[in-house]
Amino acid sequence: MIFEKIKELEEQISYLNKVDKDVISKAIKFSKNAHLNQIRHSGDPFVTHPIEVAKILTSIKLDASSIAAGLLHDTVEDTKITNSSIKDVFGNQISQLVQGLTKINKLSLKVNKLKLGENYRKLLLAATEDLRVILVKLADRLHNMRTIEFIKDHTKRLNTSMETLEVFSPLAQRLGMKEWQDELEDLAFKSINPDARNSIIDRLNYLKSKDENIIDEIRYELSNIFRSEDINCNIEGRIKTPYSIWNKIKKKNISFEQLSDIMAFRVITNSTRECYKCLGVIHRKYSYIQGRFKDFISAPKSNGYRAIHTSVMGPQNKKIEIQFRSNVMNQIADFGVAAHWKYKDPKKIKDKDTKEYKWMHELVDLMNASVNQDELIENSKINLFQDDIYVFTPKGDVIELPKKATPVDFAYSIHSQIGDKCVGAKVNGKLQPLKTILKNGDQIEIITSEESQPSPLWQRFAVTSKVKSQVRRFFRTKKKEEHIIFGKQILISFFKKENYELNNSTIDKIKKDFNFSEIEDLYELVGSGNMTALSVLKKIYPEFNYSPPKKFLNETEESIKLKGLTAGMTYHLSGCCSPIKGDTIVGIVTAGIGVAVHTVDCETLSSYSDNPERWLNISWENSESKNTFSNARLNVVLKNQPGSLGKVTTIIAKNNGNISNINFSIRKVDFYEIIIDIEVRDANHLKNILAALRLVSEVSSLERIKG
């Protein structure tokens with residue numbers, strides 16, 4: 001058996017020169033002697049494993065050093081061989097590769113919260129030393145998964161398969177190793193959930209028996225279409241893998257019968273131009289399915305993948321997915337980094353060498369900045385496993401960000417100092433709030449100020465770990481004196497607003513009631529946001545009854561009437577969502593209080609989901625009266641230029657809106673943000689005002705605030 005496997009390996013290294021082949025032969029003999037008398041779970045001689053790993057590496061035409069490392073990767077860990085011996089026999093480069101693999105193999109990569117993050121960081125650190133270490137490790141894992149059924153311990157088999165899905169399959173995906181990724185996922189799926197996998201395979205076999213030649217028939221029809229257009233291309237057809245089908249069933253919460261695109265076809269052309277030409281032919285011939293078009297040629301994935309994806313109602317009225325790739329794109333799609341990585345001494349990945357693997361360095365830097373295991377796991381996973389969007393800098397450079405990223409995420413992706421100092425952003429040339437969700441193709445310019453600093457509010461809407469960890473770090477290290485000064489200002493302002501004096505007598509009472517030796521301790525808590533001024537005032541003056549001004553209803557003789565209420569039942573419009581007449585509403589019954597009226601999209605309603613008996617189906621009662629008004633609150637970002645605020649107030653007045661309050665929340669050199677309370681008759685009245693305001697060129701953004 002060993003002789004046959006060695007012969008197969010020797011045939012597969014025909015692309016190497018004689019010197020390299022001699023290195024491989026020497027490594028085979030060395031590994032064979034080192035693992036003498038060792039047996040695998042399958043009962044085969046242990047040396048068959050490193051030989052199979054080497055054969056996998058030859059399938060992507062890796063260099064001789066990588067293949068030798070694949071043959072030697074278990075010698076230091078599982079035998080008496082030392083790394084010094086490897087270095088003496090094979091030289092520095094191969095010994096470094098083996099050393100990197102030995103470090104990874106020593107890590108107990110268990111899928112649990114406490115260990116995965118730390119060990120995964122070490123694995124990635126090894127990758128930045130030399131990417132080939134990861135490629136050899138992936139080949140090692142691939143062969144171990146091919147023989148996993150020989151492991152008798154069910155728990156060990158399950159943990160290894162889970163680890164494969166958690167770490168190695170996504171890593172193969174990130175490197176663009178599609179074939180390896182698919183096989184790793186399928187083998188892990190087979191081990192973790194064999195019943196589901198067998199069920200899917202049975203369904204696929206059943207479909208195939210019903211329409212045995214469907215793939216070939218569709219390929220034939222597509223070939224005829226392209227031939228009629230004088231386009232030379234190759235067409236490949238396949239049924240999607242059981243694991244990808246399983247993921248779709250879970251993600252979309254649908255049955256197998258509801259899956260519409262289990263068939264996928266690849267059209268492989270000679271050039272990028274022909275990819276777009278073929279796409280045009282298909283879209284002219286067949287109906288395009290909305291929302292299923294992706295152009296990864298103009299915006300490649302971060303792992304280098306380029307192609308055009310579309311789904312159409314194709315031949316024989318079947319929904320099919322079609323991918324258009326050039327020959328080069330197809331090589332990269334299947335073999336990723338291995339298809340185009342050019343090795344050079346000293347064969348290390350440097351920041352300046354390539355942008356393609358910048359994600360590795362960013363990930364390592366981010367994980368190094370983590371202060372605990374939870375942050376470490378969050379930081380490593382969120383960067384590696386999230387879907388991406390592609391946005392542009394003002395100079396046209398492409399920046400990759402996770403979905404739902406904001407200008408704050410963008411700012412920190414450029415540089416931490418830019419993130420720390422950002423005060424605003426222009427999205428496609430227009431000023432937008434920092435919480436704006438970015439979309440593919442947006443061009444972003446960050447506005448900075450030397451006086452600015454990170455805001456704790458950013459953690460609410462930022463999605464990248466870098467922003468969250470940077471904000472947390474900033475406020476962890478913020479000087480105590482700054483909290484004290486800020487907290488003191490807040491307390492003085494609030495006490496004064498409520499007609500109370502914060503004098504020495506009051507301070508002594510606060511210290512006594514809160515058991516503080518120094519009043520600065522309280523200032524720090526208030527300034528850091530851990531205590532509110534309202535809670536302080538209520539503590540020392542229990543008789544104080546805080547009554548915020550009514551924001552949503554005017555004191556008019558005629559109140560707004562609702563349908564669906566029992567006669568005599570009282571109600572109030574909830575402050576959390578500020579419903580106005582015309583909004584779709586629902587009532588929540590509260591004992592002793594009456595009915596709280598919410599808009600149907602109010603987030604508060606989720607807390608009542610387990611109490612359906614408290615929900616009331618209510619609506620606004622039609623009324624011809626124009627004397628009843630509700631308050632609507634608007635957030636407006638204006639360009640800071642003469643007359644801009646005047647234009648806004650004039651537009652509101654012309655549309656019969658009455659401004660009851662204006663508050664400047666942010667004021668900067670280029671723009672300012674204001675909160676405006678407007679009295680309106682109903683939702684339609686408000687819509688008219690909003691539409692008119694959006695026509696004002698000085699208005700950069702405008703939104704209604706609910707609550």
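Guide: A residue is called buried under 20% relative accessible area, exposed over 50%, and partly exposed in between (1.4 Å probe, protein chains only). The model is predicted: local features need pLDDT of at least 70, side-chain atom pairs count only at pLDDT 80 or more, while totals for chains, interfaces and linings use all residues. Residues are numbered from 1 along each chain as its sequence is written, and side-chain values use heavy atoms, with hydrogens and water left out.

Visitor: Is K18 buried or exposed?

Guide: K18 counts as exposed because its relative accessibility is 62%. D22, at 41%, counts as partly exposed.

Visitor: What do the side chains of D22 and K18 form?

Guide: A salt bridge, that is, a side-chain nitrogen of Lys or Arg within 4 Å of a carboxyl oxygen of Asp or Glu. For D22 and K18 the N to O distance is 3.3 Å.

Visitor: In which helix do D22 and K18 lie?

Guide: Both are in helix α2 (residues 18–34), where they sit four residues apart, or about one turn of the helix. Such elements are DSSP runs numbered from the N terminus: H or I for helices, at least four residues, and E for strands, at least two.

Visitor: How many salt bridges does the count come to?

Guide: The count is 19 salt bridges. Some of the pairs join elements that are set apart along the chain.

Visitor: Which residue forms a salt bridge with R633?

Guide: The partner is D677, and the closest N and O atoms are 2.6 Å apart. Accessibility is read separately for each partner. R633 counts as partly exposed at 24% relative accessibility, whereas D677, with a relative accessible area of 6%, is buried.

Visitor: Which residues are linked in a network of salt bridges?

Guide: The network links K5, E8, E52 and K55.

Visitor: Which residues of helix α27 are buried?

Guide: In helix α27 (residues 533–540) the buried residues are A533, V536, L537 and I540. They lie on the same side of α27 because they cover an arc of only 95 degrees around the axis. The arc is that of the directions from the helix axis to the C-beta atoms.

Visitor: Now the backbone. What is the phi of N428?

Guide: The phi of N428 is positive, about 55 degrees, although N428 is not a glycine. N428 is placed in the loop between β9 (422–427) and β10 (430–432).

Visitor: Where is N515 placed?

Guide: N515 is in the loop between α25 (504–514) and α26 (519–527). Its phi is positive as well, at about 60 degrees, and N515 is not a glycine.

Visitor: Is N515 buried or exposed?

Guide: N515 is exposed, with a relative accessible area of 69%.
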